[in-house]
Amino acid sequence: MLDFGFNKFDKYNRIIWDNEKVTNSHMMLVGSSGTGKTHTLRKIIESFDFAKKIFIIDVHGDIEVDGATTIEFNESSEFGVNPIKLDSDRDFGGVRKNIRNFITMLNRTSRKLGTKQEPVLINLLYDLYSANGFYTDNPQSWNLNGEHRGRAKRYPTVQDLMRFSKWKYGQMLTGASSKAFNALERLNKEYQNMNRKNLKNILDEGDLNKKKEVCVELYKEYINEIETGGEIEELIKYDSKDILKSVYDRILTIESSGIFKGKDPFWHTRDDKIVRFNIKALNKDEQQMFVDIVVEHIFLELKKRGEVPFADTFVFIDEAHNFTNDDGDHIINIAIKEGRKFGLGEVLSSQSFTHFPEDIISNSATKIILGLDEMYHKSTSSKLMIDAKKLGYITPHKSALIQIKNKGNTSNRFIDCVF
Ligand SMILES: Nc1ncnc2c1ncn2[C@@H]1O[C@H](COP(=O)(O)OP(=O)(O)OP(=O)(O)O)[C@@H](O)[C@H]1O
Ligand SMILES: [Mg+2]
């Protein structure tokens with residue numbers, strides 16, 4: 001139970017939030033800078049004695065709470081999350097889905113993959129998973145049961161992906177098939193060049209024949225250099241040495257961020273009730289990837305556990321607008337829409353409602369407005385159906401507007417709450 005304060009118009013009427021009464025346990029906390037979002041998050045966390053597990057994603061490093069175990073993430077952190085750990089969940093897991101999620105996560109950062117890089121990275125991941133005994137069309141292979149090539153199975157990591165792509169690149173560059181790759185690449189270039197000129201009608205018949213001759217020679221060269229017979233397939237998958245190299249470089253950058261290597265923070269904190277991930281030292285892209293991985297992990301673990309009547313696991317995300325987007329398949333949106341039945345409550349804070357996707361606003365039973373700049377009064381008033389005047393009456397640090405949607409109660413009023 002959480003006692004926010006009293007109703008401004010009836011001081012004997014306390015504004016109480018009861019986990020077992022609310023239609024869902026998600027909360028939104030909105031207020032301009034300095035109005036007390038972080039302060040209120042702390043207060044809420046401290047009052048959640050009924051919760052089994054609380055995760056705090058602390059972007060500013062200022063959500064210190066008594067009894068919390070803090071895990072610091074920075075370049076030299078001893079902890080790391082694994083974005084390519086396979087999940088065996090039928091809806092969200094499996095080889096194909098995990099690869100898709102990883103690619104989407106990378107493309108959400110400020111550095112999208114190039115159109116040629118994306119399929120190469122996808123193929124690298126497929127090959128890496130199958131090299132470790134995880135096969136796309138065989139869901140039974142998606143767990144760690146059994147052995148692969150005489151060893152206990154384990155999920156590949158970003159380090160493995162880095163080593164694997166380096167090895168592939170080396171194969172193309174100097175491996176047994178490298179001469180065949182060279183001939184094939186030159187044949188491709190020559191053929192494309194001929195085709196382009198031919199389409200523009202700038203080749204007479206003599207020129208065209210000469211160019212065809214060159215292609216035939218290169219093809220012969222390729223045939224003579226064949227080593228494995230798989231060279232064409234490899235080149236289709238990995239495009240060219242240059243593209244494979246650029247993908248390898250990208251994986252190197254991802255790997256060097258420091259959040260993808262080291263001990264599993266979830267396992268390490270498995271017995272702790274309040275776990276605070278301090279991600280202040282990470283850059284925006286790293287923070288975003290980190291949040292995606294963490295929320296997905298928590299959601300899937302709860303889903304595995306099955307349905308429960310009330311939320312007992314909470315994720316607090318300060319400055320959450322940095323991590324949300326309108327994609328209905330994004331994990332924060334999925335967790336908001338489906339997390340309730342599995343016992344998850346998301347508590348998100350931001351400076352305004354305009355930054356949040358509608359899915360999040362409409363699926364959060366509790367909304368707390370701590371004071372908004374006039375600039376946002378009109379949009380907030382129409383979005384949330386609040387009298388704009390009421391927004392003007394909020395006194396930061398002294399009062400707030402609070403909406404709590406309870407089961408069996410149709411009222412969705414925002415109440416003036418005095419602390
Ligand atoms: N209800 C309150 N009563 C007393 N002090 C408060 C209250 N709310 C916030 N404060 C104080 O006001 C200051 C700013 O609060 P806080 O850091 O929580 O704001 P914020 O909304 O998180 O700001 P930012 O967006 O800049 O992170 C802090 O020193 C905090 O202790
Ligand atoms: Mg704050």
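## Basis of the description

Domain bounds here come from an automatic or database domain assignment, which for the protein chain gives domain 1 (2-80 + 262-418) and domain 2 (82-176). The model is predicted, and local features need pLDDT of at least 70, side-chain atom pairs count only at pLDDT 80 or more, while totals for chains, interfaces and linings use all residues. Residues are numbered from 1 along each chain as its sequence is written, and side-chain values use heavy atoms, with hydrogens and water left out.

## The two domains

The centres of domain 1 and domain 2, taken over C-alpha atoms, are separated by 33 Å. Contact (heavy atoms within 4.5 Å) joins 16 residues of domain 1 to 14 residues of domain 2.

Across the interface of domain 1 and domain 2 there are four salt bridges, a salt bridge being a side-chain nitrogen of Lys or Arg within 4 Å of a carboxyl oxygen of Asp or Glu. The side chains of Asp89 and Lys303 also meet in a salt bridge, at 3.0 Å from N to O.

## The largest pocket

A pocket is an open set of points on a 1 Å grid over the protein atoms alone, where a 1.4 Å probe fits, with protein on both sides within 12 Å along at least five of seven lines; lining residues have an atom within 4 Å of a point. The largest pocket is lined by 41 residues, of which Asn82, Pro83, Lys85, Asn98 and Glu296 lie nearest its centre, and its lining draws at least three residues from each of domain 1 and domain 2.

Note on methods:
Chains are lettered from A and ligands numbered from 1 in the order in which they are written.
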